[in-house]
Amino acid sequence: MKFSIRRASPDDAEAYSRTHLQGLHETYAQIMPPAFHSHYDAELPVLMAKRRDALEAGAASWLAFDKAGTAVGIATSGPGRDDDRRDFELHHIYTLASTHGTGLGQQLLDTAIMDQAAYLWILNGNRRAERFYRRNGFEPDGTSTLCGPTWHHRPMFRMHRQRQVRSSDERTPASDSRQ
């Protein structure tokens, strides 16, 4: 399956937010309680407004589309937000379940952080994501915390990777679309 990935613009706020919401539902269906999903369904208009504001402010976000032009994945990255880690942060990647196993997650990761050293936070119990990030050189760095009330105070942990050394022929075409 072939996908196209492009930088999201403020006009993409609705597609980005709807894809994000569907990704949350599919990713956390077995991990989070129904109240989590209901909360995000009700918050969709707020999510769209916040995403539009972030994109207008220059957030580094990407949308992935299938051949039919349907949004099927998202990613956002940027400067680290943790006081003790000011390096690069992968804020999130979500791909729809229908794309799992196609390489789309890898394309989004390569696009969002390229070969940079980076860190991310992962919810405990999200084994699929943990395996994916470990394959990409991420390891837990020993830091964990509890999510806030919207995420029902679930535990999460931080993973970090060093800068990746790749030859220029190993880069995917999507990794050059950071502009």
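Both faces of strand E2 are covered: Ala 60, Trp 62 and Ala 64 on one side and Ser 61, Leu 63 and Phe 65 on the other are all buried (under 20% relative accessible area with a 1.4 Å probe, protein chains only). In a regular strand, side chains alternate between the two faces of the sheet. The model is predicted, with local features needing pLDDT of at least 70 and side-chain atom pairs pLDDT 80 or more, while totals for chains, interfaces and linings use all residues. Residues are numbered from 1 along each chain as its sequence is written, and side-chain values use heavy atoms, without hydrogens and water.

**Strands**
- Strands (E, at least two residues) and helices (H or I, at least four) are DSSP runs, numbered from the N terminus.
- E2 spans residues 60-65, and six of its six residues are buried.
- Strand E1 (residues 4-7) runs antiparallel to E2, joined by four bridges; strands pair if DSSP finds at least two bridges between them.
- Leu 63 in E2 is the bridge partner of Arg 6.
- E2 and strand E3 (residues 71-79) are antiparallel, with six bridges.
- Ala 71 in E3 stands opposite Phe 65.
- Five residues lie between the strands in the hairpin of E2 and E3, where Gly 69 has a positive phi near 90 degrees.

**Helices**
- Helices H1 (residues 13-27) and H3 (residues 44-56) pack at about 125 degrees, their axes 8 Å apart; axes are lines fitted to C-alpha atoms over the stretch in contact, and angles run from 0 to 180 degrees between N-to-C directions.

Note on methods: Buried < 20%, exposed > 50% of the residue type's maximum accessible area, 1.4 Å probe, protein only.
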